[in-house]
Amino acid sequence: MKEKIRIAAGQGFWGDLLDAPVRQVQGGPIDYLMLDYLAEVTMSIMQKQKARDPNAGYARDFVALMKEILPACVERNIKVVANAGGVNVPGCAAAVAEVARQLGLSGKVKIGIVTGDDILSSIDDFLARGIELRNMDTGDPLSTVRDKIQSANAYLGAAPIVEALNQGAQVVITGRATDTGLTLGPMIHEFGWAADDWDKLAAGTIAGHIIECGAQCSGGNCQYDWQTIPDLANVGFPIAEASPDGRFVITKHEGTGGRVNVPSVKEQLVYEMGDPHEYITPDCVADFTTIQLAEDGADRVRVSGIKGRPATDSLKVSISYSAGFKAVGTLVYSWPDAYAKAQAADKILRSRLERLGLRFDEILTEFVGVNATHGALAGDPALDAAEVQFRIGVRGDDRAAVERFTKEIAPLILTGPPGVTGFAGGRPKVEEIVAYWPALIPKSEIKATVEILEVV
Amino acid sequence: MMKIQLTKIAHARSGDKGDTANVGLIALRNEFFPLLAREVTAARVKEHFRGICKGDVERFELPNLGALNFLLHESLGGGGTLSLMTDAQGKTFSTALLRMQIEITDDEAARLGLAIQE
């Protein structure tokens with residue numbers, strides 16, 4: 001057994017720095033590269049892409065990335081674990097296999113394909129059998145949005161990733177899998193942790209939580225001493241250096257920018273946290289109140305003491321559904337009286353929307369420069385503010401009404417308060433809202449499947 | 001008594017889960033944590049975010065990290081893609097909380113090495 005393995009995070013979300021994974025591979029020693037591509041709304045976008053083209057529906061960026069780094073990964077035996085498969089994991093794997101062939105890697109690469117997360121075609125069966133998939137936040141039954149559902153996926157844990165690695169996969173591609181499972185899987189595979197070794201599973205899970213948002217634990221978006229964080233242009237993405245006993249170190253490659261210290265890791269630990277005593281994943285329940293942090297040299301933080309408890313009997317399900325339309329328009333008002341002018345514009349526009357008889361579920365006005373982030377906590381605006389941006393958004397089921405709203409912004413330039421600009425972008429776009437429905441499903445209903453595709 | 005703003009004694013990060021914002025408030029030095037734990041109650045945070053947080057505020061303690069975690073329910077205009085807010089993900093709730101002022105005695109301020117303000 002290896003004494004330690006280095007798992008590098010290469011993407012904090014789909015759209016993160018494109019060259020970050022390349023730099024993780026080239027910048028120093030690593031054993032695993034983990035890549036998180038799937039935000040909550042991503043699956044519905046991919047579902048739409050697949051509806052238009054049966055070969056689509058996955059993160060194409062990942063295939064382009066593999067073209068760039070796969071030879072180095074094979075040569076140095078760096079394994080790649082990514083949830084890039086979206087709603088078409090086999091399609092993504094086939095595209096990566098084709099890239100491997102083109103690179104002359106036939107016979108040298110096995111691709112692990114993890115499926116079983118997509119439950120879209122089983123929804124009616126679940127509902128018929130009394131599995132209600134109620135909204136975890138609101139308690140509403142799924143039947144209220146049944147005809148608007150666009151995608152439905154269960155979050156798979158580390159187990160199928162471990163299975164694929166055990167079968168010799170160089171690249172493991174999943175659909176909806178937990179971010180933390182992408183990091184925990186390699187640890188279980190390498191160290192042979194038992195399925196009920198809850199403390200170690202919790203440790204691997206927390207390592208995954210720390211690195212899953214990429215550079216957000218290594219100096220990016222870090223409030224602590226932010227002005228002294230060096231060379232963010234060249235920010236180093238995080239690496240979890242894991243040991244068989246469950247302890248690990250968070251670090252980054254030498255010669256990169258950013259900073260890994262106790263405060264930067266603490267900030268990421270509390271990010272999107274619920275009840276810290278129970279961070280629930282498919283693999284275990286991790287207790288964040290047991291985490292001990294210590295500095296271990298420059299840009300190294302040692303993490304230990306983590307306790308876990310048995311996993312629950314449920315998996316989280318992420319269902320996306322169509323939820324109406326929205327549009328947001330903006331205009332900029334300049335000194336003098338910038339705020340008063342922006343407020344006057346808001347009154348005029350709302351009066352016109354009223355006269356047109358347009359009905360919306362919500363209309364929201366914000367004044368950027370005054371109250372858009374901190375609301376009334378920001379206090380009164382400066383009377384001599386150089387400019388204030390008027391930002392107004394509407395949301396509703398009636399697409400035509402939202403469309404009409406978008407045509408009422410530009411007229412304010414010639415028919416409203418003076419000193420206005422900032423309309424170069426044209427009319428706001430009407431956006432279809434794809435909303436997210438979190439639910440739970442019994443684990444016994446979900447069967448993950450692992451296949452190995454050999455590149456020949 | 002003296003007033004001190006949280007930004008002098010804490011840092012923070014915030015995020016979202018649906019229509020709930022979470023704010024993790026972290027003591028800049030471990031010895032500031034008892035002060036945070038005593039003064040920054042769920043009720044005070046609810047009052048601080050009046051007009052923004054329309055639901056309950058829950059508080060959890062992480063003494064091992066010198067941190068408190070707050071859940072501010074019904075705060076993000078429906079949350080996620082439904083929200084019309086600039087900050088639909090609650091990313092700036094962290095700095096909004098750091099605006100809060102707490103009162104401490106001059107003795108405690110001196111003991112914690114906090115410079116006299118005002």
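## Domain arrangement

In this predicted model, the centres of domain 1 of chain A and domain 2 of chain A, taken over C-alpha atoms, are separated by 40 Å. The domain assignment of chain A places residues 5-117 + 155-312 in domain 1, while domain 2 covers residues 321-433.

## Packing of helices α6 and α7

In chain A, helix α6 (residues 159-166) packs against helix α7 (residues 179-191) at an angle of about 45°, and their axes lie 8 Å apart. Because of that angle, α6(A) is oblique to α7(A), and the crossing in which α6(A) passes α7(A) is right-handed.

From α6(A), the residues A:Ile161, A:Val162, A:Leu165 and A:Asn166 take part, and they meet A:Gly181, A:Leu182, A:Gly185, A:Pro186, A:Ile188 and A:His189 of α7(A). By class, the residues of this contact between α6(A) and α7(A) comprise 6 nonpolar and 4 polar, with no charged residues.

## The side of chain A that touches chain B

Between the two chains, 42 residues of chain A are in contact with 31 residues of chain B. On the side of chain A that touches chain B, at least two residues each are supplied by α9 (262-269), β14 (314-334), β15 (362-368), β16 (387-396) and β18 (431-442) of chain A; β18(A) gives the most to this side, with 5 residues.

Divided by class, the side of chain A that touches chain B holds 22 nonpolar, 9 polar and 11 charged residues.

Notes. Residues are numbered from 1 along each chain as its sequence is written. Chains are lettered from A and ligands numbered from 1 in the order in which they are written. This is a predicted model: local features need pLDDT of at least 70, side-chain atom pairs count only at pLDDT 80 or more; totals for chains, interfaces and linings use all residues. Domain bounds come from an automatic or database domain assignment. Axes are lines fitted to C-alpha atoms, for helices over the stretch in contact, and angles run from 0 to 180 degrees between N-to-C directions. Helices (H or I, at least four residues) and strands (E, at least two) are DSSP runs, numbered from the N terminus. Angles under 35 degrees count as roughly parallel, over 145 as roughly antiparallel, 65 to 115 as roughly perpendicular and the rest as oblique. A crossing is left-handed if the near helix is turned anticlockwise from the far one by less than a right angle, and right-handed if clockwise. Two residues are in contact if their C-beta atoms, placed from the backbone, lie within 7 Å. Ala, Val, Leu, Ile, Met, Phe, Trp, Tyr, Cys and Pro count as nonpolar, Asp, Glu, Lys and Arg as charged, and the others, Gly among them, as polar.
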